[in-house]
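Me: I have a structure open and want to go through a few spots in it. Can you take my questions as they come?

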Amino acid sequence: MVRIKYLIVMSVFAMLSMACKTNVATQNNSSTQDVNAIIQNRYQKLLEYPIDSVGFPRSMSLKTGVIKKVPSKDWTSGFFVGNLWQIYQLNGDSRFKERAAVWNAFMEKEKFNGATHDMGFKVFCSFGKGLEVKDNAKYKAIVVKSAETLITRFNKNVGSIRSWDFNKDIWEFPVIIDNMLNLELLFEASKISGDAKYKNIAVQHANTTLKNHFRKDASCYHVVVYDTISGAAKTKVTHQGFKDDSSWARGQSWAVYGFTMCYRYTKDPAYLKQAEATANYFMNDKNMPEDGIPYWDFNDTSIPNAPRDASAAAVMASALVELYEYTKNEAYLNYSNKVINTLSSEKYLLNDAVNGPFILDHSTGNWPKKDEMDEPIIYADYYFLEAIIRKKAL
């Protein structure tokens, strides 16, 4: 069985290479076989990372070799566990499944953490991926309890789940576009429990975001601040983008991914329409590079010298595989193929000399704070792996 799964993933990379006009071998003087070997070596780096209940890997400075480690309460903690589960799905090596289960145990306490809206990123990217591998009653109970905790942040007047708790003197009730991805936890909790309240809150949040987060060109704002009494949108700003009215690349990816996912659970055509509109905006922006890896913000005035963001490309690549399933629009699949092919090249794959539990380079975390700039970041790897798995499922 392991051999069969290995051959399947090898064939996926071969297929992706043929799908694009140029392949990895031509671009990098490296055969597809060499690239696959690099990827497999990167996978092993995740197993080599020492088990540490308070040291989830988040990012890495290639200049210093220092790995940024975070506790389970950090919004990125679930991605490393999810990567272990996903690699098991790709290669069938039981060591990844066993290690994922160990790390999952360190995540469980987050089901009680109501001080964050990122319950989906933390719990569903870890326990949810575990459920894709094997039915597990304990994992299901953790998902439902996490959903119960998350909905304590829901405000009926606003019709949304509160994102951040900081900046309360400035932001009365902030909601960020990233929050769309935490809704998957709620939808799944309703499926598991049979209680529709989680799904109903997810739908209300999605509808409020649909109403207030998007511009006429289908791009989205990062942060919308609401009045908790009237429920009205007060201000529309950014926290991680270039400026308030710019198009932060990863934010656009979150939007497409989030509304495509919401369509999966609801079949509401308005969600699908918005996902398509923002995807088209993203792919066709005048500042989109030919290789499909966007600049971190489409409106950075230093383009073409601005940093790229592999994570934004990976999120979009995964989202577009699913969007293609619903629309059969070949443009979405072609872009996803191009991104996976580009990220599978030596330009973006970390080489064997890098001793960290990461796969991809060149992601941009928080440009305004100059934090995690042009580095390996764990969530880029997560959505890259997910895109490959989704592509294989086609």
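Me: Which residues does Asp 352 touch, not counting those up to four places away in sequence?
Reply: Asp 352 touches Asn 41, Arg 42 and Lys 45. Bear in mind that this is a predicted model.

Me: Where is Asp 352 placed?
Reply: Asp 352 is in the loop between α13 (330–343) and α14 (378–393).

Me: Switching to Ser 72. Where does it lie?
Reply: Ser 72 lies in the loop between β2 (67–70) and α4 (77–91).

Me: Is Ser 72 buried or exposed, and why?
Reply: Ser 72 is buried, because its relative accessible area is 2% and buried means under 20%.

Me: What is the side chain of Ser 72 joined to?
Reply: The side chain of Ser 72 has a polar contact of 3.1 Å with the side chain of Lys 109.

Me: Which other residues is Ser 72 in contact with, leaving aside neighbours within four places in sequence?
Reply: Besides Lys 109, the list has Phe 56, Ser 77, Phe 106, Met 107, Glu 110 and Lys 122.

Me: You mentioned α4. How many of its residues are buried?
Reply: In α4, 15 of its 15 residues are buried.

Me: Now another serine, Ser 190. Which helix is it in?
Reply: Ser 190 is in helix α8, residues 183–193.

Me: Buried or exposed?
Reply: Ser 190 is buried, with a relative accessible area of 10%.

Me: What does the side chain of Ser 190 reach?
Reply: The side chain of Ser 190 reaches the backbone oxygen of Asp 195 at 2.6 Å. With neighbours within four places in sequence left aside, Ser 190 is in contact with Asp 195, Ala 196, Lys 197, Tyr 198 and Lys 199.

Me: One glycine, then. Where is Gly 128?
Reply: Gly 128 is in helix α6, residues 119–133. Gly 128 counts as buried, at 3% relative accessibility.

Me: How far apart are Gly 128 and Asn 83?
Reply: Gly 128 and Asn 83 are 45 residues apart in sequence, and 12 Å apart in space from C-alpha to C-alpha.

Me: Zooming out. What does the secondary structure of the protein chain come to?
Reply: The protein chain has 14 helices and seven strands. Its radius of gyration is 20 Å, close to the 21 Å that the globule rule gives for 394 residues, so the chain is as compact as a globular protein of that length.

Me: What does the C-alpha trace span along its principal axes?
Reply: The C-alpha trace spans about 60 × 50 × 45 Å.

Me: What share of the protein chain is buried?
Reply: Buried residues make up 61% of the 394 residues. The chain exposes about 15300 Å², with carbon and sulfur atoms supplying 51% of that.

Me: Last one: how far apart are the mean positions of the positive and negative charges?
Reply: The mean positions of the 48 positive and 43 negative charges are 3 Å apart.

How values were computed. Residues are numbered from 1 along each chain as its sequence is written. This is a predicted model: local features need pLDDT of at least 70, side-chain atom pairs count only at pLDDT 80 or more; totals for chains, interfaces and linings use all residues. Side-chain values use heavy atoms; hydrogens and water are left out. Helices (H or I, at least four residues) and strands (E, at least two) are DSSP runs, numbered from the N terminus. Buried means under 20% relative accessible area, exposed over 50%, partly exposed in between (1.4 Å probe, protein chains only). A polar contact is a pair of N or O atoms within 3.5 Å; within protein, one must be able to donate a hydrogen and the other to accept it, and residues adjacent in sequence count only if both atoms are side-chain atoms. Contact means heavy atoms within 4.5 Å. The radius of gyration is taken over C-alpha atoms; the globule rule is 2.2 Å times the number of residues to the power 0.38. Accessible areas come from the Shrake-Rupley method with a 1.4 Å probe; for residues, only the protein chains shown count as cover. Lys and Arg count as positive and Asp and Glu as negative; His and the chain ends are not counted. The place of a charge is taken as NZ of Lys, CZ of Arg, CG of Asp or CD of Glu.
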